[in-house]
Amino acid sequence: MSRSAHPAGPRHGDVLPEGHYAGPPADLNSLDPQVWSRTVARDADGAVTVGGLSVTALAEEFGTPAYFLDEADFRARCQAWKDAFGPDADVFYAGKAFLSRAIVRWLHEEGLHLDVCSGGELATALDAGMPAERIALHGNNKSTEEITRAVEAGVGRIVLDSFQEIARVAHIAERLGKRQRVQIRVTVGVEAHTHEFIATAHEDQKFGIALAGGQAAEAVRRALKLDGLELIGIHSHIGSQIFDMAGFEVSARRVVELLAEVRDEHGVQLPEIDLGGGLGIAYTSADDPRAPREIAEALRGIVGRECAAAGLRMPRISVEPGRAIVGPTAFTLYEVGTVKELEGLRTYVSVDGGMSDNIRTALYDAEYSVVLASRTSDAEPMLSRVVGKHCESGDIVVKDAFLPSDVAPGDLLAVPATGAYCRSMASNYNHALRPPVVAVNDGAARVIVRRETEEDLLRLDVG
């Protein structure tokens, strides 16, 4: 394949149309370990490798677009979270980030718990062998069927999200002759510094029961009176992709204040609190996420201080990392189809995937990194926009990135940190076939979620 330089858009030092200074990295071939999984490197030929396997060989075997998941990195992150919080806390992997039967088995083997928020996620968890007592069921509008299956299976907790759900779960549990362990999800009035659609603890949104106006206290009163429920604690989740611990401090303080109110009114100290998830990861080199041990120390310190001040025993803490575990473990591999220069603006590099395999850029204006993965290049950098093949002008994978100016059709591009939400939120828009998820570990690769086929699409179309 020819590697002659392609006409490029703005170069280093140019001022972009938006007025931002164009500053490419010093080395376009480098792989920031903050952004990539731990076994990713480049081989002697310059190709990106994961688990010892080259992306060129992986693309030849599995095709593109495809998600490649670093199994060793996933397992190491599970252990890092479990070790950071220790035996007196529970780490629930948030299955909505990405869930498959292989993921469930890995979680079980690494000793983590699992958070699910739909009947489909619950079915996957149970089918893959996760013990029901290590499963939590979330959701703001759980169906009667979902609740019934969860209670019948004996899930370890159901997180109650409304007054109607308190009564609904109690009725189902009593009808089945069971007493279901539950937590009440409260909205604590803390707005995380994140996108509006993923900030979940301010009052004006669909999740939880507000502390304001005494609603959460009333929810506790109702739950404690119902024979079908065993109220074990309070749940709070303040948002997603959060780097600042200040919001967790305010949230924990307000949750502990509610625990103290429950003790004073009912003579009961609830034994658990769940502080949710939402800890951020590095999508670009500008992001600076905290290590699990640092997060654990901060959260234990916050809860410990507040409980001591309120005269409460230290409750058992739960956390729910999803993105923080699986997000950095995977990258998406694409093949370049066309390269189109818009003189004085940027160069559009079109790949064989797009918003059907990563909706987050269009939905949240999310930022990603990208590298030329099939080789290295010493060509000068060009300002690029990596776009997909769908019939939407908003079909953008990476909004602004510097790529070598000799990028050409047939090259492979890799976008890191796509383990969370990309496959989970993937669609068949334009009747695209959703990509496979391929687990790579120690020189071996295997499909854990296969690529869809045209037969899969047509099978659901009953005419």
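Ring pairs join W36, F62, F68 and F331 into a cluster, where rings of Phe, Tyr and Trp (its six-membered ring) pair if their centres lie within 6.5 Å. The model is predicted: local features need pLDDT of at least 70, side-chain atom pairs count only at pLDDT 80 or more, and totals for chains, interfaces and linings use all residues. Residues are numbered from 1 along each chain as its sequence is written, and side-chain values use heavy atoms, with hydrogens and water left out.

**Aromatic pairs**

- The count by this rule is seven aromatic pairs.
- F74 and Y93 form an edge-to-face pair, with 5.9 Å from centre to centre and 70° between the planes; planes under 30 degrees apart count as stacked, over 60 as edge-to-face and the rest as tilted.
- This pair links distant parts of the chain, since F74 belongs to helix α2 (residues 71–85) and Y93 to strand β5, 19 residues apart. Helices (H or I, at least four residues) and strands (E, at least two) are DSSP runs, numbered from the N terminus.
- F74 is buried at a relative accessible area of 0%, and Y93 is buried at 0%. Buried means under 20% relative accessible area, exposed over 50%, and partly exposed in between (1.4 Å probe, protein chains only).
- The ring centres of Y283 and Y368 are 5.1 Å apart and their planes lie at 75°, so this pair is edge-to-face.
- Y283 sits in the loop between β12 (272–274) and α9 (292–310), and Y368 in the loop between α11 (360–364) and β16 (371–372), so the pair ties together parts 85 residues apart in sequence.
- Y283 counts as buried at 4% relative accessibility, and Y368 counts as buried at 4%.

- Six of the six residues of β5 (residues 89–94) are buried, so the strand is largely enclosed by the rest of the structure.
- Both faces of β5 are covered, with A89, V91 and Y93 buried on one side and D90, F92 and A94 buried on the other.
- β5 pairs in the parallel sense with β13 (residues 316–319) over three bridges, and D90 stands opposite S318 in β13. Two strands pair if DSSP finds at least two bridges between them.
- β5 also pairs in the parallel sense with β6 (residues 113–116) over three bridges; here F92 stands opposite H113 in β6.
- Together with helix α3 (residues 101–110), β5 and β6 make a right-handed β-α-β unit. A crossover is right-handed if, with the strands pointing away from the viewer, the path from the first strand over the helix to the second runs clockwise.

**The β1-β2-β3 sheet**

- An open sheet of three strands has the order β1-β2-β3, with antiparallel pairing.
- β1 (41–42) and β3 (53–54) stand at the edges, each with a single partner strand, so one side of each has no neighbour in the sheet.
- Strand β2 (residues 48–50) and β3 run antiparallel and are joined by two bridges, with T49 opposite S54 in β3.

- The structure holds one cavity of 30 Å³ or more. A cavity is a set of points, on a 1 Å grid over the protein atoms alone, where a 1.4 Å probe fits but cannot get out.
- The largest cavity contains about 50 Å³ of space, a volume being the space filled by probe spheres set on the points.
- Its lining consists of Y67, L69, F98, A330, T418, G419, R423 and V437; lining residues have an atom within 4 Å of a point.
- By class, the lining of the largest cavity has five nonpolar, two polar and one charged residues. Ala, Val, Leu, Ile, Met, Phe, Trp, Tyr, Cys and Pro count as nonpolar, Asp, Glu, Lys and Arg as charged, and the others, Gly among them, as polar.

Terms used
1 Å grid on protein atoms, 1.4 Å probe; cavity = no way out; pocket = protein on both sides within 12 Å on 5 of 7 lines; lining within 4 Å.
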